[in-house]
Amino acid sequence: MHGDETITAICTAFGNAGIHIIRISGGEAFCVIEKIFKKGKSQKPFRVSEYDSHTIHYGYIFDKDKCIDEVMVSVYKAPNSYTKEDVIEINCHGGSYVAKNILMLITGLGVRMAEPGEFSKRAFLNGRIDLSQAEAIMEIIKSQNDYALKSSVNHLRGNIKKNIEKIREDILNEVAYMEAALDDPEHYELNNYGSILREKILPCIDNLEMLKKSYREGRIISEGVNTVIAGKPNVGKSSFLNYLLKENKAIVTDIPGTTRDIIEYSINIGNICLNLTDTAGIHKTEDYIEKIGIEKTLESINAAQLIICIFDMSREFDEEDEYVLSQIEGKNCIVLLNKSDLECKLDIDKLKSRKIKYIVFSTQTGEGFDLFVKELENMFYSDIIDVENEIFITNARHAEAINNAIQSLKLVINSISEEMPEDIITIDMMDAYNFLGEITGDTIGEQLIDKIFAEFCMGK
Amino acid sequence: MNNKRIIEYNYDVAVVGAGHAGCEASLATARLGYKTIVFTVSIDNIAMMPCNPNIGGTSKGHLVREIDALGGEIGINIDKTYIQSKMLNRSKGPAVHSLRAQADKKNYSAEMRKTLENTDNLDIRQAEVTNIIVENNSIKGVITSSGTVYYAKTVILCTGVYLKAKCIYGDVSSNTGPNGLSAANELSQSLIDNGIEIRRFKTGTPARIDKRTIDFSVMQEQKGDEHITPFSFTNKASDIERKQISCWLTYTNETTHEIIKENIDRSPLFAGIIEGTGPRYCPSIEDKVMRFADKERHQIFIEPEGEYTNEMYIGGMSTSLPEDVQYNMYRSIKGLENAHIVRNGYAIEYDCINPLQLKLNLEFKNISGLFGAGQINGSSGYEEAAAQGIIAGINAVKYIENEEPVIIDRSEGYIGVLIDDLVTKGTNEPYRMMTSRAEYRLLLRQDNADYRLTPIGYKVGLISEDRYQKFLKKMKNIELEIERIRNTYIDADDNTNKILEKYGTTAISSSISLAELIKRPELNYDKTAELDKKRQPLEQEVVEQVDNMIKYEGYIERQKRQVEQYKKLENKRIPDNINYFTIGSLRKEAVQKLDSIRPASIGQASRISGVSPADISVLLVYLKGK
């Protein structure tokens with residue numbers, strides 16, 4: 001099996017979950033569990049060899065004489081496990097304290113902490129999963145909401161693979177026919193084959209174009225929408241953000257590694273993940289430091305996929321509001337009129353006359369929140385009907401491969417129009433075939449391996 | 001009392017067999033200065049063509065030009081002895097244009113014999129080799145049926161179809177090689193004793209018919225090209241032009257098919273008398289009729305065997321049916337109603353080796369210094385044999401000199417595709433070259449074989465300085481002309497557009513480069529002559545390459561990118577001492593295949609059947625960790 005070292009990690013998410021699972025994989029896994037686990041109420045010594053694979057055992061984890069936790073231990077014997085190595089999974093009580101203690105106990109016995117994705121890496125290297133499945137697992141690990149998860153799971157089951165394989169098969173069938181005809185012209189006709197081929201290739205292009213289109217939505221699913229909250233000072237930008245955080249507190253994550261002084265959050269609203277940037281208020285100022293802040297805000301607005309623009313209903317629409325409006329013009333934007341719980345002083349007709357769609361909102365009462373969610377979903381998932389059954393491309397590498405394949409097939413169509421001979425046409429057909437093979441893992445490329453393993457070892 | 005004296009000789013190279021592989025192999029080693037002996041069971045049948053009377057054809061023509069570019073003999077020999085020459089597939093793209101020439105069989109053989117007899121360092125010996133001498137996994141020589149020992153530093157096996165050969169038609173069989181020549185019945189056992197895996201293949205040939213009994217008036221005449229193309233880059237068309245002899249086309253019909261179907265149970269193949277595996281791509285007529293059951297007719301080419309004889313070869317109708325069925329079958333064909341059969345069609349079974357036992361230099365993995373070339377390696381065809389012959393010859397010399405082998409890869413030539421396929425993928429039937437086997441065929445055109453391989457032939461020492469200088473001059477001319485065409489701009493005037501109109505292509509409104517015009521489907525290099533005021537007359541071979549390289553520029557570029565990808569994996573070498581059994585993450589089947597084939601590179605490994613892309617990923621990751 002790959003790698004001699006035995007590795008371990010807590011496989012469940014950090015936090016106060018009700019239960020944690022600790023996985024140990026490798027040649028020493030059984031040895032380790034026999035040292036720390038006593039089976040049953042009677043706390044008998046545990047001998048893995050006495051039990052079948054895929055059995056679960058009740059008992060206690062001991063650190064020398066001290067009982068740490070009451071647990072369930074699952075035994076998976078190689079090669080019938082996720083990594084195809086000997087695997088032990090310990091279900092212990094929740095609370096990270098207990099799990100961490102057990103983990104320390106295991107690592108104290110010479111077992112190494114697994115790197116992120118390392119179990120999957122071993123599963124791949126040991127032939128349990130193929131590269132595209134490995135890639136999908138990495139996406140599941142990173143996925144931030146239900147849609148993304150389902151899309152990754154679809155991917156894992158091989159839906160993308162099946163779809164792409166079908167197209168590859170179609171391409172190969174045509175190439176095979178042309179090759180047969182070139183080598184055995186007596187028995188295989190090529191008369192008028194160009195138009196037949198065109199009819200076969202055009203649907204392949206359409207199909208790939210659909211997948212390519214799904215990449216935009218797929219990316220929103222897996223990576224979220226880069227969103228900026230904009231408005232002049234004191235319109236309630238921060239309280240809007242706090243409102244979102246409060247309503248969705250369980251799923252807030254800080255995005256690490258940002259060096260900018262603009263604060264970023266990743267929040268799930270409905271089925272969309274918003275990567276939120278809270279910005280400095282936009283207003284006219286002579287203050288040098290403030291100016292820098294505002295410039296940054298404007299930069300963020302330009303780069304954003306969505307702008308949530310907030311106005312204060314309880315104040316008159318002024319020059320600064322006007323300036324804000326001018327900055328967001330023509331951009332993907334949701335306008336919120338905040339503080340609907342206070343007396344309305346804003347001239348709403350003025351907005352109406354400029355055909356600006358708005359939602360009346362209150363961070364105090366929650367008015368308008370449902371409308372806001374609906375608008376969001378309309379905006380980004382207009383074409384999406386059923387995520388579970390639709391196939392989405394969520395991976396930049398796949399999107400690139402699909403795009404390359406489309407280009408090659410278009411060259412084929414072009415060659416047909418120019419009445420190029422078949423022995424020339426097959427060149428671009430094979431290119432398309434191989435580009436698509438990069439997705440299914442059938443085209444061997446070292447770059448692919450490098451790319452995927454860079455992800456496996458992230459956070460190293 | 002034992003007064004038998006053992007006679008011993010010493011050679012650098014011993015070549016077993018003087019067919020198309022043996023001739024190229026022995027000429028290569030002798031020309032490179034090594035004392036060579038070539039054995040044949042019949043000196044009167046050197047380079048015999050026991051089947052079709054032609055050299056070249058689709059993809060095989062490529063092989064011949066490649067052998068010639070390396071400094072081989074086949075191209076020169078067919079140029080001397082052709083009786084008809086034709087460039088096939090002219091209506092298709094340049095990648096599949098293939099040269100084919102009808103040969104005068106007797107002349108072909110006689111000329112090759114003359115060449116061998118007059119080559120320095122080369123001895124011919126009529127004798128049957130019965131044993132190979134192996135010590136410490138290394139070849140030491142061969143022994144003939146008389147017990148004479150020929151020590152040699154290297155031995156090249158080119159036994160063709162002669163190992164335990166058996167000719168069969170109907171229920172008649174004889175243990176002979178083709179045309180009644182004696183078979184080599186003992187060598188197989190010596191190979192087996194030395195750990196070589198032997199298998200049994202079969203091939204076949206059609207009947208020969210007396211020309212005087214054929215009615216050509218009801219057949220279509222197939223003439224040669226008016227302007228012929230020589231096979232050898234050393235010849236100009238004008239050097240070898242001669243009166244050509246026609247071939248004739250006719251067809252099988254439903255009666256023919258009926259006769260075959262009715263008697264199929266009498267075919268030794270279908271009755272199970274023949275055990276060897278036959279070539280799928282060169283099927284017998286009974287195979288074709290059974291396989292393409294809905295086909296109403298099959299093409300039959302009637303080809304002369306030479307100027308010296310009335311025998312005509314019935315191309316497309318190879319058979320091993322009984323004699324009476326053969327008569328009925330042939331005579332059911334239009335124009336053959338009164339045919340007199342001179343020789344029966346027959347199938348031939350023979351021993352050959354599993355080519356997976358060879359390295360890319362055609363040397364046996366388990367016996368150093370022992371090489372195999374031609375049909376013994378599981379291929380079929382004169383050209384395939386000759387291609388392996390020259391490579392085995394070159395590498396036998398490299399072996400003696402203790403130098404790196406010469407390996408032509410899949411992006412350099414059909415020869416590379418042929419050998420890589422044989423030793424990497426193996427074959428379960430006689431392997432025939434086809435253009436579809438070459439992934440990069442637009443780069444492997446027959447017109448540029450010298451560009452691809454003559455530098456290698458020169459470096460090896462098979463291309464003379466004089467020929468090399470001529471080659472360099474030709475390449476320079478091509479380069480200069482392409483450059484000139486790219487930089488020649490044609491004005492958009494009435495005269496220009498009148499000419500464009502003549503060829504049915506759209507008029508131009510502003511000045512355009514000549515290269516752009518040549519790329520148009522309606523035009524080519526020759527058709528733009530009127531527009532190209534400064535054009536100087538160039539040799540046809542130069543024009544052909546210039547035209548292809550400009551016209552298909554975009555495709556050539558894309559194919560070159562494919563080659564770059566291929567080379568990346570090809571250049572990932574796998575260390576010789578790798579132990580696949582310690583890479584537990586490989587699948588069991590892959591471990592076994594990799595361990596027995598021992599590929600030289602990741603690229604080669606990826607072409608082994610039974611090794612999946614996932615296995616290759618594992619290998620890449622493993623090698624990365626090394």
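This is a predicted model: local features need pLDDT of at least 70, side-chain atom pairs count only at pLDDT 80 or more; totals for chains, interfaces and linings use all residues.
Visitor: Which residue of chain A forms a salt bridge with B:R558?

Guide: B:R558 belongs to helix α17 (residues 553-570) of chain B, and its pair crosses between chains to helix α14 (residues 422-440) of chain A. B:R558 is buried because its relative accessible area is 13%, under the 20% limit. The closest N and O atoms of the pair are 2.4 Å apart, and the partner is A:D428.

Visitor: Is A:D428 buried or exposed?

Guide: Residues under 20% relative accessible area are classed as buried. A:D428 has a value of 0%, and therefore counts as buried.

Visitor: How many residues apart are B:D12 and B:K153?

Guide: These two residues form a salt bridge, with 2.9 Å between the closest N and O atoms. The pair links distant parts of the chain, B:D12 being in strand β1 (residues 8-16) and B:K153 in strand β9 (residues 149-157) of chain B. B:D12 is buried at 14% relative accessible area, whereas B:K153 is partly exposed at 47%. Their separation is 141 residues.

Visitor: Which residues are joined into one network with B:R410 and B:D420?

Guide: The side chains of B:D420 and B:R410 meet in a salt bridge at 2.7 Å, N to O. B:D420 lies in helix α11 (residues 414-425), and B:R410 in the loop between α10 (382-400) and α11 of chain B. B:D420 is buried at 5% relative accessible area, and B:R410 is buried at 1%. Through salt bridges that share partners, the network also takes in B:D421, B:K425, B:E439, B:E570 and B:R607.

Visitor: What is the relative accessibility of B:E296?

Guide: B:E296 forms a negative surface patch with B:E254, B:E258, B:E262 and B:D294. Its place is the loop between α8 (285-291) and β16 (299-304) of chain B. B:E296 counts as exposed because its relative accessibility is 57%.

Visitor: Which residues does A:V324 touch, leaving aside those up to four places away in sequence?

Guide: A:V324 is located in helix α10 (residues 319-328) of chain A. At 1% relative accessibility, A:V324 counts as buried. With contact taken as heavy atoms within 4.5 Å, A:V324 touches A:G231, A:K232, A:I282, A:C309 and A:F311.

Terms used. Residues are numbered from 1 along each chain as its sequence is written. Chains are lettered from A and ligands numbered from 1 in the order in which they are written. Side-chain values use heavy atoms; hydrogens and water are left out. Helices (H or I, at least four residues) and strands (E, at least two) are DSSP runs, numbered from the N terminus. Buried means under 20% relative accessible area, exposed over 50%, partly exposed in between (1.4 Å probe, protein chains only). Patches are made of residues with over 30% relative accessible area and no salt bridge: like charges are joined within 9 Å, nonpolar side chains (Val, Leu, Ile, Met, Phe, Trp, Tyr) within 5 Å. Accessible areas come from the Shrake-Rupley method with a 1.4 Å probe; for residues, only the protein chains shown count as cover. A salt bridge is a side-chain nitrogen of Lys or Arg within 4 Å of a carboxyl oxygen of Asp or Glu. Lys and Arg count as positive and Asp and Glu as negative; His and the chain ends are not counted. The place of a charge is taken as NZ of Lys, CZ of Arg, CG of Asp or CD of Glu.
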